[in-house]
Amino acid sequence: MKRQDRVLFGLLFGLPLLLLTPLALVGSNVFQSGVIQCQVVDKTGDGCNVGVVIPASLATVALHAMPHIEIDGMSITDEIHGEMGEHGAYALELARTFTDELQSAPDCVLVEVISGRDVVHIEKRDGAIVVNVDTPSERVHVVMPMHVVQTALAVI
Amino acid sequence: MIRSILRAGPLAALLTIPLLSLVTPAFADEDRWLHVAVDGEDRVRLNLPLSVVSAAMPLIEAEGFSDGHIRINEMDMDPEAIVALLRSIADADDGEYVTVESEGDDVKISKKGEYIFVHVEENARYADSETVQMKFPIPVLTALVSGDDDELNLMAALDALADYEGEDLVTVNDDGTSVRIWVDQKSTQNN
């Protein structure tokens with residue numbers, strides 16, 4: 001390869017690769033971590049509709065930062081522990097065990113309840129817990145990656 | 001120039017492949033699922049891996065229930081008599097062991113082959129009767145009474161239950177509402 005070709009190769013291929021690799025790594029991390037979705041649709045027309053999509057990796061970083069954030073000299077996690085009490089701590093331990101075991105289970109519908117015109121549907125899909133609630137007045141759709149739930153339960 | 005880019009192709013591929021690699025967690029095919037189906041005015045479907053139930057059960061604390069064991073003496077019953085009765089039924093030959101007909105309520109407990117059948121019918125002589133039918137595999141019953149004399153070992157029973165699949169273990173019919181509980185290898189209910 002001539003020197004001129006090497007320079008051209010470096011400019012045409014090397015530089016874009018250097019720029020795109022970090023982007024690809026971040027994109028891959030976001031893609032693999034999934035997203036947290038929360039959508040509330042008001043069917044009556046009186047209320048407001050809410051739609052939130054947060055990259056799960058961002059939520060994980062925020063959750064890990066939680067114990068270090070202090071309000072009035074007390075960390076957020078300590079405050080949550082104080083509010084929860086003994087019964088809350090027990091429920092938390094139960095939830096940790098439940099999600100840890102569920103992590104390795106295949107995709108499945110865990111709960112489906114149809115009561116009159118109300119429908120509740122909870123399933124594990126693509127490594128996330130998906131909750132759908134459909135009532136005559138509103139529709140709620142929540143997607144929460146399992147690893148975010150585990151992180152949240154571990155941090156708390 | 002083109003040849004140089006082609007030579008760089010495998011390098012780019014080597015950089016890309018790890019980015020796309022996904023790790024799939026293992027879940028043993030032989031794992032069993034506990035299913036509950038309620039049909040009537042409301043429709044409820046519950047599907048849980050038995051491994052999840054087994055892991056969560058020792059953590060559940062309630063009155064007379066802890067560490068996956070039911071303490072019978074906390075339920076105002078003679079614990080030793082109940083455990084002795086269950087143990088004797090588990091060891092006995094086939095036959096109908098208990099028949100109670102009282103004020104319209106019928107209770108029958110029988111053993112056939114590998115199963116204990118419990119049939120309870122309230123208001124048996126009336127149109128609004130409520131029927132509860134339970135079918136316990138003997139090894140499950142044996143596991144249930146495998147603990148101390150005053151307790152039922154629900155954890156051991158759950159482990160034994162994993163060997164049974166596809167058949168209804170508990171059915172309840174009450175005023176247009178039916179409840180079915182069974183175990184199988186499928187993560188879904190077909191109906």
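Reader: Which ring does the charged end of B:Arg180 sit over?

Author: A charge sits over a ring if NZ of Lys or CZ of Arg is within 6 Å of the ring centre and within 35 degrees of the ring normal. Here the charged end of B:Arg180 sits over the ring of B:Trp182, 4.1 Å from its centre. B:Lys135 has its charged end over the ring of B:Tyr115, 4.7 Å from the centre. Bear in mind that this is a predicted model, where local features need pLDDT of at least 70, side-chain atom pairs count only at pLDDT 80 or more, and totals for chains, interfaces and linings use all residues. Side-chain values use heavy atoms, leaving out hydrogens and water, residues are numbered from 1 along each chain as its sequence is written, and chains are lettered from A and ligands numbered from 1 in the order in which they are written.

Reader: How many aromatic pairs does the structure hold over all chains?

Author: Rings of Phe, Tyr and Trp (its six-membered ring) pair if their centres lie within 6.5 Å; planes under 30 degrees apart count as stacked, over 60 as edge-to-face and the rest as tilted. Over all chains there is one aromatic pair. B:Tyr115 and B:Phe117 have ring centres 6.3 Å apart and planes at 50°, so the pair is tilted.

Reader: Is B:Tyr115 buried or exposed?

Author: Buried means under 20% relative accessible area, exposed over 50%, partly exposed in between (1.4 Å probe, protein chains only). B:Tyr115 is buried at 12%, while B:Phe117 is partly exposed at 30%.

Reader: Why is helix H5 of chain B largely enclosed by the rest of the structure?

Author: Helices (H or I, at least four residues) and strands (E, at least two) are DSSP runs, numbered from the N terminus. In H5, residues 154–161 of chain B, six of the eight residues are buried, so the helix is largely enclosed by the rest of the structure. Among them are B:Met155, B:Leu158 and B:Leu161. Using contact (heavy atoms within 4.5 Å), the buried residues of H5(B) pack against elements of chain B including helix H2 (50–56) and strand S10 (168–174).

Reader: And in chain A, where does A:Thr151 lie?

Author: A:Thr151 lies in helix H4 (residues 146–155) of chain A, and counts as buried at 13% relative accessibility. Not counting residues up to four places away in sequence, A:Thr151 touches A:Thr60, A:Leu63 and A:His64. A polar atom of the A:Thr151 side chain also lies 2.6 Å from the backbone oxygen of A:His147.

Conventions: Polar contact = N/O pair within 3.5 Å; in protein donor to acceptor, adjacent residues only side chain to side chain.
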